[in-house]
Amino acid sequence: MKITLNGEITYGESKGIKNAKSGKSSLSFDYYILPKVEVFTFIMAEYDEMIKLKLRSNGGLGAKYDFLKDSLKEFSISAAVLRSYEEFFDLPPSWLYRLSIRPKVKVSVGNLKVYGLVFYQPRIGKFEDYLIDASLSANLILSSRISLRVEITDKYTSIIPEWVKNNGVKTLLGLNLSF
C-alpha cells in the first residue's frame with residue numbers, strides 16, 4: 001500500500017513580464033492486489049493562468065500492470081476512468097469523463113535515474129478532445145538524502161478556446177531533499 005501527496009507551484013517572469021503562473025496538487029492511494037497488478041484511486045487539481053485555466057480537477061479509479069520491475073528498470077502501463085471538472089476564465093465550467101492511459105519507464109545506471117511517462121487522456125464520447133502530459137526527467141543521486149533533478153514536460157490540450165495557447169513546455173532544474 002502506498003499513499004502519495006504531491007504539490008507544485010510555478011511562477012516566472014522575463015523582462016518584467018509574467019510568463020508562468022500555475023499550480024498542481026494530487027493525492028493518490030495505491031494497493032497491489034497481485035504481485036504485478038495494482039489498483040489505485042486519486043484526486044488532482046490544477047490551475048494555469050498562462051493558458052487561462054482557472055481550475056481543472058480530476059478524480060478517478062484505475063489499475064496498473066508492471067511488465068518489468070526490479071531495482072534497475074521498470075516498465076508499466078496504467079489505465080483509469082476520470083471524472084473531470086474544467087473551468088477556463090471567461091467560459092462556463094464543464095463536467096466530463098475522460099480515460100487516462102499512462103505508460104511509464106524508469107532506468108537506473110549507477111547514481112543516475114531516468115524516468116519517462118506520458119498521460120494520454122481522451123474525453124469519453126468525444127475522442128478528438130484529449131490532453132497529453134509527457135515528461136522526461138533525470139535524478140542524479142548525490143547522497144542518501146540529496147539529489148539533483150532535471151525535467152522537461154510538454155502539456156498539450158487538443159480543444160480549447162481559440163484565444164488560449166494549447167501547448168506548453170516547461171523545463172525544471174531542482175534539488176530534491178528526502179527526509
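The legends below describe several views of one predicted protein model.

Residues are numbered from 1 along each chain as its sequence is written. Because the model is predicted, local features need pLDDT of at least 70 and side-chain atom pairs count only at pLDDT 80 or more, while totals for chains, interfaces and linings use all residues, and side-chain values use heavy atoms, with hydrogens and water left out.

**Figure 1**
Read along the sequence, the pattern is β-β-β-β-β-β-β-β-β-β. The radius of gyration is 17 Å, close to the 16 Å that the globule rule gives for 179 residues, so the chain is as compact as a globular protein of that length. Strands (E, at least two residues) and helices (H or I, at least four) are DSSP runs, numbered from the N terminus. The radius of gyration is taken over C-alpha atoms, and the globule rule is 2.2 Å times the number of residues to the power 0.38. Along its principal axes, the C-alpha trace spans about 50 × 45 × 25 Å.

**Figure 2. The surface of the chain exposes about 11400 Å².**
Carbon and sulfur atoms supply 63% of this area. Accessible areas come from the Shrake-Rupley method with a 1.4 Å probe, and for residues only the protein chains shown count as cover. Of the 179 residues, 30% are buried. Buried means under 20% relative accessible area, exposed means over 50%, and partly exposed is in between (1.4 Å probe, protein chains only). Among contacts between residues at least 6 apart in sequence, 40% join residues at least 24 apart. A contact means heavy atoms within 4.5 Å.

**Figure 3. Tyr130 and Tyr156 are one of six aromatic pairs.**
Rings of Phe, Tyr and Trp (its six-membered ring) pair if their centres lie within 6.5 Å; planes under 30 degrees apart count as stacked, over 60 as edge-to-face and the rest as tilted. Tyr130 and Tyr156 form a tilted pair, 5.9 Å centre to centre, with 35 degrees between the planes. This pair links distant parts of the chain, with Tyr130 in strand S8 (residues 126-141) and Tyr156 in strand S9 (residues 146-157), 26 residues apart. Tyr130 is partly exposed at 22% relative accessible area, and Tyr156 is partly exposed at 28%.

**Figure 4. Ring pairs join Tyr65, Phe67 and Phe75 into a cluster.**
Phe75 is also among the residues in contact with Val105, which is the subject of the next legend.

**Figure 5. Val105 is found in strand S6 (residues 94-109).**
Its relative accessible area is 38%, which counts as partly exposed. Leaving aside neighbours within four places in sequence, Val105 is in contact with Glu74, Phe75, Val114, Tyr115 and Gly116. Val105 and Leu117 are 12 residues apart along the chain, and their C-alpha atoms are separated by 6.4 Å.

**Figure 6. Lys52 has a positive phi although it is not a glycine.**
The phi of Lys52 is about 65 degrees. Lys52 sits in the loop between strand S3 (37-48) and strand S4 (53-69). With a relative accessible area of 35%, Lys52 is partly exposed.

**Figure 7. Asp90 also has a positive phi and is not a glycine.**
Its phi is about 70 degrees. Asp90 lies in the loop between strand S5 (73-88) and S6. At 75% relative accessibility, Asp90 counts as exposed.
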